[in-house]
Each structure stands twice: as structure tokens, then as C-alpha cells.
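Visitor: Hello! I have just opened this structure, and I would like a guided tour. Could you walk me through it?

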Amino acid sequence: MRTAHLNRRLVLEAPSRIADGLGGYSEVWVARGHIWAAVTPRGAGREVDQAARLQLVITMRAVPQGAAARPDATMRFRDGARIYRIEAVHESDATGRWLTCFAIEEVGR
């Protein structure tokens with residue numbers, strides 16, 4: 001794999017539950033760190049029940065398995081006001097130096 005042009009600084013966020021004081025909980029997003037990534041579109045991404053949603057490929061340097069800053073499908077990236085929900089993550093090359101995240105931009109939230 002050729003070297004990716006990591007030109008976007010994204011915030012990796014993970015969901016966290018906090019007690020609401022009434023026996024339930026609220027879900028909040030907690031920053032896990034900042035990463036530099038290459039963000040490219042992967043398709044048209046039209047859905048029947050919603051407006052067009054941008055599908056993305058986000059390439060970043062690999063993070064060791066089990067590290068808090070390693071993304072997974074429960075997390076999301078934030079780029080300013082834009083939110084990218086992670087759908088899948090895999091290692092891009094045999095050496096394990098790069099991760100590829102497939103994500104969808106959240107619209108109207």
C-alpha cells in the first residue's frame with residue numbers, strides 16, 4: 001500500500017453511559033484521542049428513508065489491538081461539526097501499519 005496523505009485531524013469518540021439519577025442512564029460521547037487520517041468518499045450512499053448520506057473510507061496509522069485509541073464499530077469520528085459513524089475497521093496491509101475504517105456521515109443530528 002502506498003503511503004496515505006493524512007491531512008485531516010479527527011477526534012475519535014466512544015459512547016459512555018452516565019446515570020440519570022432515576023435508575024436509568026444517558027449516553028454521551030467521550031473523546032478517546034485525536035488522529036490524523038485520510039478521508040475519501042466510497043460511493044453515492046443513497047437510502048430510501050433518508051437524504052443522501054456520504055459513505056467514507058478513513059485511512060489512519062494502525063493502533064495496537066486493545067488500545068483505547070483503536071477504533072471499532074461502536075465508535076465515531078468527529079471533524080468539527082461533522083460526525084462519521086464507523087461501520088467496520090480492518091488492517092489495510094499485511095504489515096499491520098495502516099487501518100481502514102468504513103464510515104457513514106451522520107446527517108441531521
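Visitor: In what order do the elements of the chain run from the N terminus on?
Guide: Welcome! Please keep in mind that this is a predicted model. The chain has six strands and zero helices. From the N terminus on, the order therefore reads β-β-β-β-β-β.

Visitor: What share of the residues counts as buried?
Guide: A residue is buried if its relative accessible area is under 20%. The chain has 109 residues, and the buried share of them is 33%.

Visitor: And how much of the accessible surface belongs to carbon and sulfur atoms?
Guide: The accessible surface of the chain is about 6900 Å² in total. Carbon and sulfur atoms hold a share of 50%.

Visitor: Which residues touch the most other members of the largest nonpolar core?
Guide: Strands S1 (8-19), S2 (25-43), S3 (55-61), S5 (82-91) and S6 (98-106) each give two or more residues to this core. It has 17 residues, and those touching the most other members are Leu10, Ile35, Ala37, Ile58, Met60, Phe77 and Tyr84.

Visitor: Which residues is isoleucine 35 in contact with, leaving aside its neighbours within four places in sequence?
Guide: Isoleucine 35 is one of the core residues that touch the most other members. Beyond its sequence neighbours, isoleucine 35 contacts Arg8, Arg9, Leu10, Met60 and Phe77.

Visitor: Is arginine 76 buried or exposed?
Guide: Arginine 76 sits in strand S4, which covers residues 76-79. Its relative accessible area is 11%. Because the cut-off for the inside class is under 20%, arginine 76 counts as buried.

Visitor: Which side chain makes a polar contact with the side chain of arginine 76?
Guide: Leaving aside neighbours within four places in sequence, arginine 76 has contacts that include Val11, Leu12, Trp29 and Tyr84. Glu13 is also among them. The polar contact, at 2.6 Å, is with the side chain of glutamate 13.

Visitor: What lies 2.4 Å from a polar atom of the side chain of arginine 70?
Guide: Arginine 70 is in the loop between S3 and S4, and it is buried with a relative accessible area of 12%. Not counting residues up to four places away, arginine 70 touches Leu12, Val63, Pro64, Gln65, Met75, Glu91 and Leu99. The atom at 2.4 Å is the backbone oxygen of valine 63.

Visitor: Which residue in S5 is the bridge partner of phenylalanine 77?
Guide: S4 and S5 run antiparallel and are joined by four bridges. Their hairpin has two residues between the strands, and glycine 80 there takes a positive phi near 65°. The partner of phenylalanine 77 in S5 is tyrosine 84.

Visitor: Does serine 92 count as buried, partly exposed or exposed, and which side chain joins it in a polar contact of 2.2 Å?
Guide: Serine 92 is in the loop between S5 and S6. Its relative accessibility is 25%, so serine 92 counts as partly exposed. The C-alpha atoms of serine 92 and methionine 60 are separated by 9.5 Å, although these residues are 32 apart along the chain. The side chain that joins serine 92 at 2.2 Å is that of threonine 100.

Methods: Residues are numbered from 1 along each chain as its sequence is written. This is a predicted model: local features need pLDDT of at least 70, side-chain atom pairs count only at pLDDT 80 or more; totals for chains, interfaces and linings use all residues. Side-chain values use heavy atoms; hydrogens and water are left out. Buried means under 20% relative accessible area, exposed over 50%, partly exposed in between (1.4 Å probe, protein chains only). A polar contact is a pair of N or O atoms within 3.5 Å; within protein, one must be able to donate a hydrogen and the other to accept it, and residues adjacent in sequence count only if both atoms are side-chain atoms. Contact means heavy atoms within 4.5 Å. Accessible areas come from the Shrake-Rupley method with a 1.4 Å probe; for residues, only the protein chains shown count as cover. A nonpolar core is a set of buried Ala, Val, Leu, Ile, Met, Phe, Trp, Tyr and Cys residues joined through side-chain atoms within 4.5 Å. Two strands pair if DSSP finds at least two bridges between them.
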